[in-house]
Amino acid sequence: MTKESKIPGPTIERLALYSRPLETFVESDTPIVSSEKLADLCGVNPAQVRKDLAYFGEFGVRGVGYEAQELLREIRRILGTDREWELCIVGMGNLGMSLVENDNFRNRGYRFVAAFDLSPRKAGMRLPCGLTIQPARNIPEQIAKLRIELGIITTPSREAQRAAELLLKANVKGILNFSSAQVRTPECCIVENVDLSVKLENLVYHLETLYKKK
């Protein structure tokens, strides 16, 4: 087992979190940032920042801090966000429409190059971003032609598995699933499930716990 395989999932998530304030520091020409400052902006403690970064090597100077631009460059290299990724999306309802128009994806190197819907009625619809919604039957051809590596599913839950299977047949290796269904895929495909209702239930639980203490 490699060292990389032992890295906890939350550490990877926090690396992405650390990159946000680092981008601000670089844009504002702030050359050095301390672990304390970075931790404060990200809602963690300084020891956690140092521990997370230590998985990947030695960064910064004790008592001085980290060089913001260098640390941001290293985090992007670790996460694989130092290059552009071509994405497609399956399911062009309200959520799908919102995601393809989100500038945050483009700014971070994620480029939607194709949009599909399982309903033939939406095929041919032109989107403000310049894409045209295509029927699901076009998925294999377009993914091969555009060299798409990642797929996003925003279909209703009942259609999520079918969408995942279409992406798998087209050799997509990574799927971000926004439906409430847990899609089944072979080990060769990495799936991240983002169930917004679960996030809401977690929030409600903490609110209820807080109110009960009062």
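Biologist: Why is Glu-23 called buried rather than exposed?

Modeller: Glu-23 has a relative accessible area of 17%, and buried means under 20%, exposed over 50% and partly exposed in between, with a 1.4 Å probe and protein chains only, so Glu-23 counts as buried. This is a predicted model, in which local features need pLDDT of at least 70 and side-chain atom pairs count only at pLDDT 80 or more, while totals for chains, interfaces and linings use all residues. Residues are numbered from 1 along each chain as its sequence is written, and side-chain values use heavy atoms, with hydrogens and water left out.

Biologist: What makes Arg-76 and Glu-23 a salt bridge?

Modeller: The closest N and O atoms of Arg-76 and Glu-23 are 3.3 Å apart, and a salt bridge is a side-chain nitrogen of Lys or Arg within 4 Å of a carboxyl oxygen of Asp or Glu, so the pair qualifies. Arg-76 lies in helix H4 (residues 68-79) and Glu-23 in helix H1 (residues 9-27), so the pair ties together parts that are 53 residues apart in sequence; helices here are DSSP runs (H or I, at least four residues), numbered from the N terminus. Arg-76 itself, at 32% relative accessibility, counts as partly exposed, and a network of salt bridges links Glu-23, Arg-76 and Arg-108.

Biologist: How do you know that Glu-36 and Arg-50 form a salt bridge?

Modeller: Their closest N and O atoms are 3.8 Å apart, which means that the pair falls within the cut-off already given. Glu-36 lies in helix H2 (residues 35-42) and Arg-50 in helix H3 (residues 46-54), so this pair ties together parts that are 14 residues apart in sequence. Both residues count as partly exposed, Glu-36 at 45% relative accessibility and Arg-50 at 40%.

Biologist: Why is the pair of Phe-105 and Phe-112 called edge-to-face?

Modeller: The structure holds one aromatic pair, and its rings, those of Phe-105 and Phe-112, have their centres 5.4 Å apart and their planes at 65°. Rings of Phe, Tyr and Trp (its six-membered ring) pair if their centres lie within 6.5 Å, and planes under 30 degrees apart count as stacked, over 60 as edge-to-face and the rest as tilted, so this pair is edge-to-face. Phe-105 counts as buried at 18% relative accessibility, and Phe-112 is buried as well, with a relative accessible area of 11%.

Conventions. Helices (H or I, at least four residues) and strands (E, at least two) are DSSP runs, numbered from the N terminus.
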